[in-house]
Amino acid sequence: FRANPCYNFSPGSSRPITNEDLQAVTNDVANPSNRTITFNMVRHPKLGRLARKQSDNSTVDISTFTQDMVDRKEVIYIQTPIELVGWEAVDSITFSVMSPPASIDSQTFKIDISYENKGPEHNTVLIKNTGAEVTEGESVVIDEYKLDASNLMSKLPTPERSSYEVWFQVTDLPQHGVIVVGERNLTQEKPNFSQFIVTKYGIVYSHDNSETTHDSFVFGAWLNPKGRTAQRPQDEKDVVVERFNITVRPVNDQPPVLKTKTPGLKVVQGDRIAIGPEDLRVEDLDDPPEDITFSVISKPSNGYLALRGGLNESVVAFTQAQINNRSVYFIHDGSSASGVFYFSVTDGHHKPVYKLFNIDVSEITITLLNYTGLSLQQGKTVAALTQDNLAAETNGKSVSIHYMITKPPSFGKILKENQEVTHFTQEDLLAGSLAYHMTSLSSAEDSFEFTAFTLEANLTGQLLNITVRPLIQVAQGLKIPNGIPVRLNTSFFNVSELAAISDSDPVFEIMSHPKFGKVVQTSSKRSRKFVPAASFTFKEMMQEKIALELNGNMTGVEELNDSLVFVLKADNVQPAKGEFYFTVVPYNPVAIPSTKSPVPTTSPIPQTPVRIFRNGTASPVPSTVFHSTHQPSKNQQKFKGRNRWGNSNRTSFFSTTLGKPPRTEEFPFRNTPVRVESYPQKTSNPLLIILPLLALLLLIIIFVVVVVYFRHHRQRKQNTSSPQENPFSVPPNSESHSSLTQRSTTIPTVTVTPLNPTYSASPVLGRFLASNQASPYDTADSNVLVSSWSNGSLEPTSQIIHAVTPTLQRNQYWV
């Protein structure tokens with residue numbers, strides 16, 4: 001025998017007793033079906049009764065039942081009356097169990113009755129919370145038969161019940177309607193009503209006529225003393241919180257609405273395509289898509305409609321649900337003409353809607369996706385032809401695209417695995433097995449015509465261009481001042497690699513001069529006379545004989561974009577067309593530094609030594625791009641001409657080149673800033689030039705006076721103490737020069753020796769002026785400008801001399 005210790009039950013309800021609650025078995029396992037287990041009630045329940053459920057769902061009271069009846073859920077406990085229970089109570093049944101010859105006496109089956117026992121049969125702790133049904137857009141009365149919380153009074157002792165009443169508070173208002181209590185709508189500010197109002201008058205729920213099928217509101221119920229304002233208890237244990245559900249019965253008052261403005265479909269010739277909701281969509285707020293039916297009144301003239309799974313069978317009816325699932329297909333018959341079909345749609349409650357469905361037919365085409373052409377590096381003869389250069393697609397069923405060369409290249413041929421071909425496929429382009437081989441090096445460009453085709457379509461008369469990229473390093477982002485010549489060098493563009501592989505001096509043929517100026521040429525690096533140039537060599541550019549002369553109208557603008565178009569040629573390689581881009585900016589003499597302190601304008605090109613071979617081949621030289629610089633003034637030239645050893649900032653030829661190969665000739669290419677030839681401008685202010693020169697001349701005079709003063713002062717001190725013997729033997733009239741070799745024992749000095757041709761007795765100057773004498777230290781930067789001083793005037797007599805590194809005497813130092 002087995003029974004639940006307590007059978008949970010709700011007041012006023014009925015529930016069958018199952019074998020999970022009460023079960024008795026015997027130990028006769030051989031014939032269990034012949035053993036009948038009978039329960040005989042010794043004491044009946046006080047708060048309810050046992051009944052047997054009949055086949056017609058009626059009940060009859062019983063005092064005896066069997067285990068088979070319990071297993072079939074025919075034994076029901078009915079709790080009645082409710083008044084005897086209160087909020088909670090316990091009932092019990094005493095019975096004996098018999099299965100002859102075995103028996104069990106006085107077994108008690110307890111039943112726990114409480115409103116807290118919620119279950120499938122009773123899902124509320126209140127007497128009534130059944131919910132309500134309302135027709136769409138209408139109202140329903142909620143009375144005590146739908147909402148009754150009066151059983152909360154049973155929590156109180158009987159004498160106190162008359163002093164309390166039940167109140168409700170709606171915490172979540174309905175979303176698709178309103179609750180009306182008396183003549184006012186329930187709001188969040190006034191959400192309360194009492195059980196007395198529900199019992200006597202009822203409350204009303206009014207639906208808002210929206211296309212919804214469900215609504216609800218959440219409430220709390222509690223006991224409130226009579227005569228006091230309804231106040232929700234602080235302790236939530238004293239509040240019962242539940243939801244009141246409202247079912248909305250829909251009304252079919254909305255006709256189907258066609259949401260697609262222009263129903264139609266685009267199809268490729270001979271193709272079949274599914275009709276989707278983006279092509280045809282009808283909505284009905286009252287009916288699901290399965291109930292929206294389309295009927296074909298006039299069939300399409302260029303195909304037929306079919307359903308998935310039967311594409312060979314034409315159909316004339318389908319639903320919106322089938323369209324949403326893409327189960328409706330249009331099968332095109334292959335003709336080129338477009339067509340339509342006429343249809344109607346209805347929900348079965350309203351008049352049908354009639355509409356035309358357009359079918360646009362597109363021809364099968366081939367479209368080129370990548371058509372960028374092919375580029376070939378100058379100096380090379382083979383370039384790969386891949387789908388990055390040429391690719392196509394088709395809208396037809398046949399996806400295999402073929403290419404037929406109708407006009408081969410003029411200066412080369414198309415190869416597939418080293419074999420010339422006139423036909424290839426898109427798969428060959430994808431696999432990278434194609435290449436262009438240039439066989440003639442006489443042109444900077446080439447091309448071939450082809451036709452792309454499939455089994456369904458073709459694309460004829462297509463041209464693929466092949467261009468040669470110049471082998472050159474071009475500076476980026478250069479800003480060139482306007483109105484003054486700017487000499488070109490390797491900081492602008494460098495073709496050292498091309499010179500090396502071609503064993504020649506590359507030539508730039510100008511195809512198009514800059515829009516705001518021209519390329520000019522001079523006979524030497526120091527010459528100011530420029531003439532327009534039609535071409536120039538790399539060697540001439542490195543010798544700074546080529547310049548850009550720009551004269552753009554800069555009124556109201558800060559910069560102008562310009563370019564130089566050229567053809568680069570060299571021996572044994574094909575020519576190549578290139579373009580040098582730069583920006584023209586206004587010339588500002590104040591902002592541009594002197595030649596002694598160049599400022600880089602762009603990232604320098606990797607510095608590489610350059611050598612020129614006897615046949616004109618150029619190899620790399622170190623170069624850096626700098627801002628334009630001023631031409632030194634005459635006074636600056638005079639002062640610089642007095643430098644005994646030349647310009648110490650210059651770099652000798654041997655420090656910037658590699659070892660000499662056989663039969664090569666070194667050229668003096670050095671780190672050179674961008675040189676700007678500055679000519680007097682009509683609008684220039686002469687004071688801007690004269691004043692700085694006068695200030696510089698004044699500083700020179702002060703410096704010379706101070707040096708002469710300290711030299712004579714030192715000489716007097718040496719004569720009074722212990723004069724030293726002059727290491728040189730010179731005539732008496734060269735006393736001032738011999739004094740230059742002396743050095744103070746306490747103060748380091750800088751010796752300045754003026755070079756004057758009249759001092760023929762000077763041993764150093766004599767070595768400089770020795771004719772037909774080759775110096776082993778002769779360098780590219782050894783030429784210096786020498787000026788003579790005569791009769792106190794500043795008129796220069798300049799000549800080019802070769803500077804020889806002098807031998808330091810005793811107590812002499814380089815500074």
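## Starting with exposure

A residue is buried when its relative accessible area is under 20%, exposed when that area is over 50%, and partly exposed in between (1.4 Å probe, protein chains only). Y342, at 32% relative accessibility, therefore counts as partly exposed. Y354 is partly exposed too, with a relative accessible area of 47%.

This is a predicted model, where local features need pLDDT of at least 70 and side-chain atom pairs count only at pLDDT 80 or more, while totals for chains, interfaces and linings use all residues. Residues are numbered from 1 along each chain as its sequence is written, and side-chain values use heavy atoms, leaving out hydrogens and water.

## Rings in pairs

Searching the whole structure turns up 25 aromatic pairs. Rings of Phe, Tyr and Trp (its six-membered ring) pair if their centres lie within 6.5 Å; planes under 30 degrees apart are stacked, over 60 edge-to-face, and the rest tilted.

Let's look at Y342 and Y354: their ring centres are 6.2 Å apart and their planes are at 20°, so this pair is stacked. It links distant parts of the chain, with Y342 in strand β31 (residues 339-346) and Y354 in strand β32 (residues 353-362), twelve residues apart. Strands here are DSSP runs (E, at least two residues), numbered from the N terminus.

## A buried pair and its cluster

F508 and F536 have ring centres 4.9 Å apart and planes at 15°, so they are stacked. F508 sits in strand β48 (residues 507-512) and F536 in strand β51 (residues 535-537), 28 residues apart. Both F508 and F536 are buried. They belong to one aromatic cluster, together with F492, F493, F566, F580 and F582.

Notes: Helix = DSSP H or I, 4+ residues; strand = E, 2+ residues; numbered from the N terminus.
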